[in-house]
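Please look through the chain below before reading on.

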Amino acid sequence: MKLFSLSGFRISLFHAGLFAATFASAAFGSGFPEVYNSEKDSTLDPPSAEEALAMWDLPEGFSVDLFAAEPEVRNPIAMAWDRKGRMWIAENYTYAERAQRFDLSLRDRVLIFHDEDGDGKADSRKVFTDEVQMLTSVEVGRGGVWLMCPPQLLFVPDADGDDVPDSEPEVVLDGFTVAQSNYHNFANGLRWGPDGWLYGRCGHSCPGNVGIPGTPEAERIPIDGGIWRFHPERKVFEVLTHGTTNPWGHDWDRHGELFFINTVNGHLWHGIHGAHFTESFGADPNPHVYERIDTHADHYHYDRNGSWTDSRGGAANEFGGGHAHIGMMIYQGTSWPEAYHDRLFTINMHGRRTNVERLDREGSGFVGRHEPDIFLMGDEWYRGIDIQPGPDGAVYIIDWSDTGECHEHTGVHRTSGRIYRIQYQGEKPATDLALLEKVTPATLKAMRGDQPWLDRQIWAGGGGEEDWEALRPSLHSVALSVEEGAPARLRALWASAMTGGEIPEWETLLQDREESIRALTIRLLVDEQPLDTILGPMKARMPDPLPAEVFEAFLARAEKDESGLVRLALASALQRLPLEQRATLGLALAARSEDAGDHNLPEMVWYGVSPLAESDSPALVEIAKATEWPDLLRWVARSISSRIDTKPGPLEGLLSIVAKSEENKQAALLEGMDDGLQGWRKAPKPDGWDALSATLEKASSDSVREQARTLSVLFGDGRALDEIKAVAMNREIDHAMRKAALETLIENRPEDLREICESLLDDRLLNTTAVKGLALFDDPELGAALAKRYRRFYPGERPSVIETLTSRPAWAAALLEEMEKDRIPKTDLTAFQARQVRAFEDEKLSARLAQVWGEVRESDEAKRALIEEWTKKLTPDAIDMADLKKGRQLYAGICGSCHLLYGEGGKIGPDLTGSGRSELEYLLENIFDPNAVVSADYQMSILTLKDGRVLTGVVAGETDKAVELRQTEGSVAIGKDEIEKREVSPVSMMPEGLLLAFEEEQVRDLIAYLMHPVQVTLGAE
């Protein structure tokens, strides 16, 4: 078989350069390229496989075998099973260290292992193909082998099952981007689901635009991290969930509920169709998604507030080992002790262990609770990648076997790899593989028992010769039998549906006593409806209406069903319905007051009904009238008020609800209105506002009164504006109220704003807020005055003053003048702000900056020399002499406004808690050369405003009216009508020259603090 032609790829910027450079040198069709190790320390080697085998720490009664090891298997990245009981392994050699990412002079391959005598060791090994690259996953079924090779999903036909490809690979899907600015988070995780769809995963940093080859760009489906699925026969691709950071493991429980594991921002997630989950950074692709669903675990596997690396290591601890989770299994066998039944197991990479989670039903979904960790490994090279049950009742773990962090910045050790088999003492309930040669009534009978491995082979399509029509009456009989357990009935429903059968007696099933049966019936009834999660390509193929009898049954369930899980299935189904049916079903769900605080339902209902803001906003008003859910009320009000200029009528309807509601509901609706009008300085006043605001002024709630007053100013009420001025100027009342009042004035810009702000410059409680108001006036004298008053501001507030002074060229000149006179320390000007000054492209000002503050080395050679210079200076002895407390203080001033560390800090850049900061080279490369790899989420935006200011930051969110710009000193909403020019820089928000203004000892202290494994305690703590 020839390597699949590269001409078929959808070439990204990354592929265009990398493939062009390496294709000619790759010896395709010849012998397999020699594999090499690229670690910087070439003397390192892992313990032998036999030595590593003795390093397992297992609970009593468990034992471990070495199923296979190098040289038979190396760099295993994924595994799968076929119906003959054989293990398929994807070996990845092309993945390289950070600077290279992929070495395409190498190739990847797919292996087949078979334990023929059942002794826990592989007896035979075959190479299925060794002519693929960038391989992240393998799955077997439907007449061939499925390979995820980003940016493509490939299918290699093998209809006769002779383990030899029938033809070259077929490109089934493309558009799984390998981002030019990223070196992990690639698409991965092929696995058949119980519904017969092929499921996969994708990380947030490699957003894709996926479709069948040839699909026009406008009709492709965006994916920005999460879970997707593909139907091989119908050729349909869906993104089921958006969000999270880097999911690398998923499985279904015995009732068909999907769960997946993630790295960094929460490890456990319930795979709800249509959900939008939180991410570590970045905005959701759907502009109507204002807030996202958080993790479904009640804990983290690391200390978010103190020690990070203390949470790691082979010894047991209360946290669980760290933030990186790889591979996942929900154990549904019977050979292990009952304490492990139905538990979720995931490999914790840094902790070298397996975390155990108990999945408890709660509300509409589940909560994951941490149980004692298991399978601890003493081998420091252990990098477990996947965990799956085998046909013999044992569980198998594949081990990448390498050192360093998961990003492989230390190099790749390609010549090692292990596969372990873990079993429990006693009888081993092996699967009768003869049942899978062809699905027969005997197979169906076995499916009624606890044989999860057999079930998964049925999901893959069975033996290929089945007469499903003849088998269907038996399937329907089991599905409808109340004498059977719920799992057996669910399996029968799935098997019937995935092979084209009708749902038997769906009306009866919707009233079944088992909530899982009712929930699955709902999902099956809408399964062929297109899923609309992003308001994009779906506009061209909006779902058809459900038949009236089905929809009426859904309404009855929404109104009466006692199960939150069933109501969640209905909320998820909203995104598969036409808009007119969403309004009715969404209202019925939102009227259930008991779900107001549910973890999932308010968000899921909103995701479903939010498009009504464009098509039928009065329907949203009716939903607001019917619901008491605070979050849903805020989102409805935000959506409606944001359209006040084009659709004012619905807002009038919303105000009538405010007038008749309790204060809690009033507060939620008013807060939502305020959110929706961000970026407006003056909005058209609704007809009924004056009368309503007079009533709201008498409310007992401070929140309601303040929100009403703020909105009155926005609607042009001069009386309210005078009242707010009086509050801002009154030194006798609460500081927080005065600050809020002054911020309202700045937002609305009355004619006397400059006079007000200048009068408050000597008020130590409000002078920093007053500076934000003065920033609106393009007067060089103001800049000079602020620079001279610099020391009158509290030290903790001076960074925001510097940020204001660097927003205008003349003001920056005044800042540098005071700095030259040593009235402002040059260390108070950060590299971010220095880059802001250079962004004015004023040669004289840039020269003055270089003279007073310093000059950045911009060439690659200079940066490399700088890294080498500091590597020589920061020896282990020098690091040992560092003052860690001073380092922490420096970190707070230099890095803390942008990065989280130990749960504290800003969110402009990545969370440093889980980075590779323990290694000096990693730190120096990221500090001195931050533009080497730049994720799109961290690219700097430059906004030139009509009032002359230039602002830089990361765009954190955007509406039709405003842009939310996240800066080092906080976020600011800027009306789009105030922006003259908007640019996106290809460079990182993190500037070069970060340490330019600091002494050598200060740099040493900072680096030592960053490398320190635990939080450094300051005197007052």
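What follows is a short report on this chain and on one of its sheets.

This is a predicted model, in which local features need pLDDT of at least 70, side-chain atom pairs count only at pLDDT 80 or more, and totals for chains, interfaces and linings use all residues. Residues are numbered from 1 along each chain as its sequence is written, and side-chain values use heavy atoms, with hydrogens and water left out.

The mean pLDDT (the predictor's confidence in each residue, from 0 to 100) is 86, and 87% of the residues reach 70 or more.

| Residues | pLDDT | Contacts beyond four places in sequence |
|---|---|---|
| 1-28 | under 50 | 59 |
| 536-540 | under 50 | nine |

Where pLDDT is low, the predicted coordinates should not be read in detail.

The chain has 33 helices and 36 strands, both taken as DSSP runs numbered from the N terminus (helices H or I, at least four residues; strands E, at least two). Of its 1021 residues, 61% count as buried, that is, under 20% relative accessible area with a 1.4 Å probe and protein chains only.

Strand E2 is joined by seven bridges to the antiparallel strand E29 (residues 418-424), and Ser 63 stands opposite Gln 423 in E29.

Definitions and conventions: Contact = heavy atoms within 4.5 Å. Buried < 20%, exposed > 50% of the residue type's maximum accessible area, 1.4 Å probe, protein only. Pairing = 2+ DSSP bridges.
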